[in-house]
Amino acid sequence: MQVASIDRRATFERIIHAHQRGVWRYLRFIGCSRSEADDLTQETFLAAWKSEFEEINEAATAGYLRTVAKSRFLMMLRSKGRRPKETEFAEVDADWVQLVEYDEGWDERADALEECMQHVQGKAREVIDLNYRVGLRYAEIGQRMGMKSEGVRTLMKRVIAKLRECMERKLEWPAE
Amino acid sequence: MARGIDRLIHLLLRERLGDQTPPDLSSSILDAIDGKQAPVHQLPTARQAFQPWMGVAAGIAVCAALALGVSAWLVSKPPENAPITADGNQVRVIPSEQEQANRMSPEPSGSGYPAPQRDPVPHNETKEPDEPKTEHQVEQPPAPEPEPKAPAPEKDPVVEEPPRPEPEPQPEVQPEPKPPEPETDPVVEQPPQPEPEPQRPPSETQPSTTVKLASVVYAPDKARLEFRNNSEDKWADLQQKEVTAGMQLRARRPVALELDDGARVYFDGEILLAGNNEKFDLTIEDESVYFDVYGSKREFVVRRGDAVLNFRDAELLAEKSGLRMQVSCLGGEVTVGDVTLKAGWTASLSDKGLSREKFQGDRGRYNPLVASMDQTFVLMREELNRDAISRVYFGDWNDGVVRGQGEGDEKDFGIELSNEIVLQERAYLRMRVRINGDQKGLNIGFGSGEEEDWRYFQSHHGEVQPGEWTIVRVPLSVLMDDGDKKKIWPGAKLHKFQIVLWDKKDASVDVDWFEVGIEPEWAGKENGETNDNKENK
């Protein structure tokens with residue numbers, strides 16, 4: 001019994017190492033803040049540990065953990081009095097599966113984006129940097145760059161659309 | 001799918017550019033599994049997430065229980081004309097017996113006592129904690145969509161309530177029901193009582209009332225700076241400049257305090273001061289406090305509710321955020337437990353430590369208090385961020401610090417100012433530098449195009465301790481053009497800044513930032529010669 005329990009813990013430790021980033025990213029993708037994702041990732045693995053689930057293969061484990069994480073996320077939303085729309089949520093979930101889960105290449109996507117970013121220059125690049133690197137809001141970016149915040153928003157939309165097109169091409173996703 | 005791709009792009013950009021990568025949570029998960037500790041963070045407890053429906057549900061439950069109790073009593077009550085009136089008396093006796101039983105032994109599994117049948121309130125109380133749980137369970141079904149490829153135990157997350165349910169329902173039930181248990185947490189119990197004055201650590205404040213802590217160096221009339229020495233006292237205008245331990249201060253606009261070692265504390269709300277010559281202890285009652293205490297040897301403590309932060313040698317903004325404190329590190333670093341907040345990061349502080357850390361770059365400087373103080377006291381500030389690289393003409397930039405090395409050339413550090421500055425009276429230079437290796441002194445100088453194409457005003461300072469980061473403060477009125485022995489004058493335009501090490505053998509200077517500020521007029525008049533001799537800390 002002792003050996004079995006040690007084995008189980010070792011297996012689970014491996015599962016944690018293999019899947020915690022994926023669970024965390026999934027939670028971020030479906031709308032968690034960073035701290036929420038931290039909390040829920042831990043809770044997801046604790047629930048999995050207590051449920052004594054058995055590992056079949058990587059994909060099944062990922063799917064199972066995702067389901068638990070999603071359940072925890074919904075519980076959290078409800079505990080805060082928020083009511084997520086099921087339909088919208090299902091769509092986001094399906095997007096994740098299609099865009100990330102079936103091809104476990106997060107790094108591949110990151111590399112593709114990196115290449116796409118090479119083509120984003122000048123003002124557009126500056127806006128992206130200020131928003132994502134420095135963490136400024138549109139209004140603050142506008143102040144810095146002498147633009148209206150609406151202008152910043154429009155520019156951001158255009159840049160993201162360009163990046164999306166580029167990603168679709170590179171990763172051979174079906175275009176809209 | 002377009003929206004999904006956009007989400008993915010946002011996520012990737014946040015990871016790549018914003019450094020918001022997934023943290024390694026494995027050790028905390030494993031610790032929780034091994035029972036060493038609870039997960040690092042918990043979801044909001046039910047106390048925080050009190051919903052109106054919970055109150056309604058509790059009310060309905062109480063009513064239902066009362067109705068049940070009354071109807072049970074009516075059913076069991078014998079008809080009035082029946083001779084067995086003693087039964088009625090028995091019913092009345094039950095509560096007192098129960099009380100006795102409770103007093104004598106907490107376990108009701110007594111010996112033949114009629115079990116306490118009606119005690120609607122306690123029954124309701126014990127039921128109530130389950131309410132949220134059942135609510136969760138009712139709501140859960142939509143969440144765990146049956147995953148086609150997931151293994152059999154997939155449904156467990158729904159049933160897997162054990163780790164969470166108990167902590168959630170308990171706190172919200174406790175406040176209302178049982179009156180006999182308030183003594184366990186008097187601090188928490190007090191706030192609901194009508195006490196207008198906030199609580200504060202009495203041990204810190206009372207004994208040290210005569211200790212001078214700082215001077216007010218900036219307090220415009222509009223700030224309406226007031227003080228009192230006791231929460232019972234009335235607020236009064238602060239006439240003197242000295243502020244002492246035990247004082248409460250209140251201002252409607254930013255006010256600046258300066259400690260005797262040059263450290264500055266700005267606030268724009270209400271604070272309570274405590275401490276002594278070695279420790280500056282401040283409690284935020286309202287609004288925010290901006291500490292610029294680089295180079296001070298003191299320990300600084302800032303409190304808000306149960307949140308306490310101890311720090312030294314840093315620049316930070318602390319803002320009231322409910323009973324928590326939002327801490328933004330603007331320079332240096334602060335540590336709570338095993339979490340360190342570096343410059344550019346912000347986090348929420350409670351009695352459990354720092355959480356919700358977030359990188360915000362220099363957004364902290366846009367805070368109204370910080371920005372207004374910078375505008376008031378600072379003509380220019382150079383953080384030596386990436387945008388400064390192209391303007392640094394002597395020295396090597398590395399992650400926000402420029403290292404200048406002589407090697408025979410006189411100029412060790414040199415930079416074109418981002419904007420030309422016009423020298424004003426009471427202007428001073430403040431910079432954070434570290435001298436490495438032996439040196440006999442430090443020359444600072446500003447380049448100007450005044451009267452000639454190139455003119456260099458400088459002054460020598462020999463007191464900088466090598467090997468440690470130091471804030472050097474120099475009044476610019478001492479700058480002189482050595483060529484024609486002419487002192488610099490207000491109105492002179494400056495566009496370059498340089499540092500030269502006196503002894504250049506194996507020595508170098510690291511520069512973190514520098515600024516040119518204006519000494520407040522009040523301080524200048526009072527001290528005669530501004531703060532000239534506070535230059536080295």
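Colleague: Which elements cover the buried residues of H6(A)?

Modeller: Happy to start there, and keep in mind that this is a predicted model. The buried residues of this helix are A:Ala124, A:Val127, A:Ile128, A:Asp129, A:Leu130, A:Asn131, A:Tyr132 and A:Val134. Their cover comes from both chains and includes, from chain B, helix H1 (2-16) and strand S18 (353-359), and from chain A, helix H5 (106-117), helix H7 (138-145) and H8.

Colleague: What residue follows H6(A), and what is its phi near?

Modeller: The helix spans residues 122-134 of chain A. The residue that follows has a positive phi, and it is A:Gly135, near 85 degrees.

Colleague: How many helices does chain A have?

Modeller: From the N terminus on, its elements run α-α-α-α-α-α-α-α. There are zero strands, so to speak of the secondary structure of chain A is to speak of helices by DSSP runs. The count is eight helices.

Colleague: What share of the residues in chain A is buried?

Modeller: Buried here means under 20% relative accessible area. Chain A exposes about 8,700 Å², with carbon and sulfur atoms supplying 48% of that area. Of its 176 residues, the buried share is 55%.

Colleague: Which residues of chain B are in contact with A:Met167?

Modeller: Leaving aside neighbours within four places in sequence, its contacts in chain A are A:Arg109, A:Ala112, A:Leu113, A:Cys116, A:Glu172 and A:Trp173. From chain B, the contacts are B:Ile9 and B:Leu12.

Colleague: How many residues apart in sequence are the parts tied together by B:Arg298 and B:Asp260?

Modeller: Their side chains meet in a salt bridge of 3.2 Å, N to O. B:Arg298 lies in the loop between strand S10 (288-292) and strand S11 (299-304) of chain B, while B:Asp260 lies in the loop between strand S6 (255-258) and strand S7 (264-267), so the pair ties together parts that are 38 residues apart.

Colleague: Is B:Asp510 buried or exposed?

Modeller: B:Asp510 sits in strand S31 (residues 508-518) of chain B and pairs with B:Arg403 in strand S22 (residues 401-405), 107 residues apart. Their salt bridge is 2.7 Å, N to O. B:Arg403 is partly exposed at 34% relative accessibility. B:Asp510, at a relative accessible area of 2%, is buried.

Colleague: Which residue's side chain makes a polar contact with the side chain of B:Thr346?

Modeller: B:Thr346 lies in strand S17 (residues 345-350) of chain B and counts as buried at 7% relative accessibility. Beyond four places in sequence, the residues it touches include B:Val327, B:Leu341 and B:Arg356. The polar contact is 2.8 Å, and the partner is B:Gln326.

Colleague: What is the relative accessibility of B:Leu384?

Modeller: Most residues other than glycine have a negative phi. B:Leu384 has a positive phi of about 60 degrees although it is not a glycine. It is placed in the loop between strand S19 (378-382) and strand S20 (392-394) of chain B. B:Leu384 counts as buried, with a relative accessibility of 0%.

Terms used:
Residues are numbered from 1 along each chain as its sequence is written. Chains are lettered from A and ligands numbered from 1 in the order in which they are written. This is a predicted model: local features need pLDDT of at least 70, side-chain atom pairs count only at pLDDT 80 or more; totals for chains, interfaces and linings use all residues. Side-chain values use heavy atoms; hydrogens and water are left out. Contact means heavy atoms within 4.5 Å. Helices (H or I, at least four residues) and strands (E, at least two) are DSSP runs, numbered from the N terminus. A salt bridge is a side-chain nitrogen of Lys or Arg within 4 Å of a carboxyl oxygen of Asp or Glu. Buried means under 20% relative accessible area, exposed over 50%, partly exposed in between (1.4 Å probe, protein chains only). Accessible areas come from the Shrake-Rupley method with a 1.4 Å probe; for residues, only the protein chains shown count as cover. A polar contact is a pair of N or O atoms within 3.5 Å; within protein, one must be able to donate a hydrogen and the other to accept it, and residues adjacent in sequence count only if both atoms are side-chain atoms.
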